[in-house]
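Dear colleague,

Please find below the structure that I am handing over to you.

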Amino acid sequence: NNGGTFSNQNALNSTYTPSISSGTVTLTLTTNDPSGPCNVVSDTVVITVFEAPTVNAGSAQEVCSGESITLNGTIDGGASNATWFAPSGTFSDNDVLNATYTPSISSGTVTLTLTTDDPSGPCNAVSDTVVITVFEAPTVDAGSNQTICSTVTATMNATIGGGASSGTWSTSGSGTFSDNSPTAIYTPSTNDINNETITLTYTTNNPSGPCNAISDSMTLTIKEAVVITTQPSNVGVCDGQDASISVVAYGDDLSYQWYKDGVLISSATNNVLDFTPAFLADAGNYYVVISGDSSCTVEKSNTVTLNVNRQINITDQPDDLALCEGSTATFNVAATGDIASYQWRKDGVDISGANSATLTINNNSSADIGNYDVVIIGIGSTCPSIVSNVATLDVTLQPTANISYPETEYCMSFSGQEPIN
C-alpha cells in the first residue's frame, strides 16, 4: 500500500523505496501456494517513513569589506531549525535563517555553512554552503585642513587605498588643480581669495564589485597677503609741534611694529605713528614692519626721515648805523635754530641777493638811507620765520668847498690882513 517500489518483488531481501515523504507503509510478504493441502500464508511489516530534512544556504553573494549582508537560508522537511557556521566574521544571530553576516576579511571569499538540526528517527542533519565574496572597500583621505597666503598655491596631501586605484579633485570654489593626483597643486581664484574659505574634495574611482566610490574633503583657508598701498613719507616739523608718520596697507590679520634707526619702538603698533608733540630727540629714520597671518610673509615699508627743526631765536639784533657818505655799511644778525636762509629788506622791500646773516652796503649814499630788517626762514618752512628788529641807516653827506680869485697876483701882508702891491 501507499506505493513505493521494490528492487525485486520476488526476492526475500528486496530493496524497498517508499514513495511517501512521511508516514507508514505496510508491506505484505506472501508465500507461494505449496502443493498439498497447505494454503498460502502471509505476513506484514510496517515501514515508518520519516521526512528527510532539507537545507538551502542561498545564492552566492558579494559584499564590500566593512559592510554586512543579509543571508537567505531555508530549511524544509524534517528540519525544524538550522545554524550558521563561518571560519571568520560574525553573525547577528547564527540560529536565524536570515541572519546578518559581517565578514572580518578585507578581501577574498568566505564559505558559510548552514546545518539543520538532527531530526528524530533515522534521518541525519544536513548542510549546505554559500560562498561570500568580499571586495576590498576603497579608502580616501583628502589630507589635513590647510591655511595658505593668497600669493601662493596649495599642495594637496591626499591618500587613497583599498579597492581605489585613482581619484578626482573637485572644489567648492573656482580655482584650478594641476592634475588629479593625490599631491595635485591647487591655484586659488580671485573669488576663492575673496571668499577666504573653500572646500576641496577627493573622490575615488568606482571600483569593481559592490563597493561604491567614496569621497573625503578638506578645508582650505586663504589669507590675504600684506600689501602696502601707501608708503610712509618724509616729515619735517618744528620742535614742539605735533607730527605723524603713517602707512596704508591691506591684508588679513594685520599688525604693525614701528622702528626708529633700526630699533623697535615699544607700543608703536598702529598704522599711524604719532608724535604729540615731536621733540629734537625724535628726529631719525623710521620704518614699519607689517605682519599678517602666519602663512604670509611680513612686509617692511620704505625708510623715511622725521626732521625736527629747532625754533629760530635771534640772539643779536642788527644795530642802527650813522655813517658818512661813501663808507661801507654793515648790518649783522645772530640767531640760533635750524635756519634755511636770510632775506634782508629795506623799508619792507626784499633786497635782491641779500641772503646771509650779514648785509654789506659799499660806498653808501643818501639813496641807502632807510630802515633795514631781516627775515630768517627755517629749514623746510616747518618752524615759523622770524623778523629782526628794524635798524636804521643814516648817511651824512661829505662837505664841499669852492675857492675862486682873480688872475691878478697878490701879496699878503704878514698879518694876512692887507695885500701888498
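**Findings**

S301 is placed in the loop that runs between strands β31 (299-300) and β32 (304-309). Please bear in mind throughout that this is a predicted model. Is S301 buried or exposed? Its relative accessibility is 4%, and because buried means under 20%, S301 counts as buried. Apart from neighbours within four places in sequence, the residues in contact with S301 are I228, Q231, P232, Y287 and V288.

One of these contacts, Y287, also takes part in another arrangement: K300 lies over the face of the Y287 ring, at 4.2 Å from the ring centre.

**Aromatic residues**

How many aromatic pairs does a search of the whole structure find? The search gives ten. Among them is the pair of F91 and Y101, which is tilted, with 5.1 Å from centre to centre and 45° between the planes. F91 belongs to strand β10 (residues 90-91) and Y101 to strand β11 (residues 100-102), so this pair ties together parts that are ten residues apart in sequence. Both F91 and Y101 are buried.

A further pair is made by F275 and Y286. The ring centres of F275 and Y286 are 5.5 Å apart and their planes stand at 80°, so the pair is edge-to-face; planes over 60 degrees apart count as such. Strand β29 (residues 272-275) holds F275, and strand β30 (residues 284-291) holds Y286, so the parts tied together by this pair are eleven residues apart in sequence. F275 is buried, as is Y286.

**The largest pocket**

The largest pocket contains about 370 Å³ of space. Its lining consists of 14 residues, and those nearest the centre of the pocket are F6, Q9, A11, T28 and L29. Which strand supplies the largest share of the lining of this pocket? Strand β3 (residues 23-30) does, with four residues. As to the classes of residue in the lining, seven are nonpolar and seven are polar, while no charged residues are present.

With kind regards

Note on methods
Residues are numbered from 1 along each chain as its sequence is written. This is a predicted model: local features need pLDDT of at least 70, side-chain atom pairs count only at pLDDT 80 or more; totals for chains, interfaces and linings use all residues. Side-chain values use heavy atoms; hydrogens and water are left out. Helices (H or I, at least four residues) and strands (E, at least two) are DSSP runs, numbered from the N terminus. Buried means under 20% relative accessible area, exposed over 50%, partly exposed in between (1.4 Å probe, protein chains only). Contact means heavy atoms within 4.5 Å. On a 1 Å grid over the protein atoms alone, a cavity is a set of points where a 1.4 Å probe fits but cannot get out, and a pocket is an open set with protein on both sides within 12 Å along at least five of seven lines; lining residues have an atom within 4 Å of a point. Grid points are joined across faces, edges and corners, and a volume is the space filled by probe spheres set on the points. Ala, Val, Leu, Ile, Met, Phe, Trp, Tyr, Cys and Pro count as nonpolar, Asp, Glu, Lys and Arg as charged, and the others, Gly among them, as polar. Rings of Phe, Tyr and Trp (its six-membered ring) pair if their centres lie within 6.5 Å; planes under 30 degrees apart count as stacked, over 60 as edge-to-face and the rest as tilted. A charge sits over a ring if NZ of Lys or CZ of Arg is within 6 Å of the ring centre and within 35 degrees of the ring normal.
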